[in-house]
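Biologist: Could you show me how to read a structure like this one? I would like the general idea each time, and then the case at hand.

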Amino acid sequence: MTDLAASDLPTIYPAPSPRVIAKARPEIDAHATKFIAMSPFCVLATSGPDGSVDASPRGGNPGFVHVVSPTQLAMPDRSGNNRIDSFRNILEGSGQLQLIFFVPGIDETLRVGGTGKLSAEPDLLGSMEEFGKSPRAVLSIAVREAYFHCGKALMRSKLWSPETRVERAALPSISQMIYDQTKLGEPEPQAEVEARYKTQL
């Protein structure tokens with residue numbers, strides 16, 4: 001098996017169409033605004049100063065990411081595992097980030113790229129209360145580009161299809177899996193884990 005070089009790629013992939021290039025817009029337009037308002041979930045990707053990459057799931061009620069203006073988004077940070085890899089990358093690295101927004105039932109996704117800054121200003125935190133709690137911090141994103149991805153990947157995966165839904169019982173509890181990996185803490189049934197999650201949203 002031979003590793004490809006960058007010069008090999010044009011021999012395998014045709015050039016993107018002018019429309020594919022032109023769809024990358026420098027701001028959040030009306031369509032992207034509506035999509036973000038409908039989205040309860042996105043993935044945040046960041047890169048650290050050493051070139052390491054982190055991709056982190058983020059979620060809330062639909063529209064939990066606020067469109068402040070066509071060139072600025074605000075994302076509240078909710079309770080998590082406290083590793084804060086994404087935020088360390090943003091503050092210690094270039095600040096560059098990418099988001100992919102998902103809307104349940106819609107195969108197309110929205111990608112937004114830009115740079116991030118963090119704030120813990122009390123009034124800002126108070127304005128973004130959700131699940132009865134203020135966020136710990138707010139990620140402000142200066143938008144550089146935004147564009148829609150076609151739905152092929154989600155169609156191939158049948159992500160939203162009921163017939164591909166996997167029952168949670170197909171895997172051990174998350175607590176059990178981490179215990180098996182680390183031998184730290186005590187394993188708990190998934191029902192107990194989920195009950196605790198609900199108190200920490």
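This is a predicted model: local features need pLDDT of at least 70, side-chain atom pairs count only at pLDDT 80 or more; totals for chains, interfaces and linings use all residues.

Biologist: Thanks! What secondary structure does the protein chain have?

Modeller: Helices (H or I, at least four residues) and strands (E, at least two) are DSSP runs, numbered from the N terminus. In this model the protein chain has eight helices and seven strands. Its C-alpha trace spans about 55 × 50 × 40 Å along the principal axes.

Biologist: What percentage of the residues count as buried?

Modeller: A residue is buried under 20% relative accessible area, exposed over 50%, and partly exposed in between (1.4 Å probe, protein chains only). By that rule, 27% of the 201 residues of the protein chain are buried.

Biologist: Is Tyr147 buried or exposed?

Modeller: Tyr147 counts as buried because its relative accessibility is 15%. You will find Tyr147 in strand β7, which covers residues 137–149. To see what surrounds a residue, look at contacts, meaning heavy atoms within 4.5 Å. Leaving aside neighbours within four places in sequence, Tyr147 is in contact with Lys23, Ala24, Thr109, Leu110 and Arg111.

Biologist: What share of contacts joins residues at least 24 apart?

Modeller: Take the contacts in the protein chain between residues at least 6 apart in sequence: 64% of them join residues at least 24 apart. Ala153 and Asp107 are 46 residues apart in sequence and 7.9 Å apart in space, C-alpha to C-alpha. Ala153 belongs to helix α6, residues 152–157, and counts as partly exposed because its relative accessibility is 48%. For Val166 and Met128, 38 residues apart along the chain, the C-alpha separation is 33 Å. Val166 lies in the loop between α6 and α7, and its relative accessible area of 62% is why Val166 is exposed.

Biologist: Which residues other than glycine have a positive phi?

Modeller: Most residues other than glycine have a negative phi. Lys158 has a phi near 55 degrees, and Lys183 has a positive phi of about 60 degrees. Lys158 is in the loop between α6 and α7, whereas Lys183 is in the loop between α7 and α8. Lys158 is partly exposed because its relative accessible area is 44%; Lys183 is exposed because its value is 54%.

Biologist: Last topic: what volume does the largest pocket have?

Modeller: On a 1 Å grid over the protein atoms alone, a pocket is an open set of points where a 1.4 Å probe fits, with protein on both sides within 12 Å along at least five of seven lines; lining residues have an atom within 4 Å of a point. Grid points are joined across faces, edges and corners, and a volume is the space filled by probe spheres set on the points. The largest pocket here has a volume of about 1,400 Å³. Of its 39 lining residues, Pro57, Ser79, Gly80, Asn81 and Tyr197 are the closest to its centre.

Biologist: Which element gives the most to that lining?

Modeller: That is β2, with six residues.

Note on methods
Residues are numbered from 1 along each chain as its sequence is written. Side-chain values use heavy atoms; hydrogens and water are left out.
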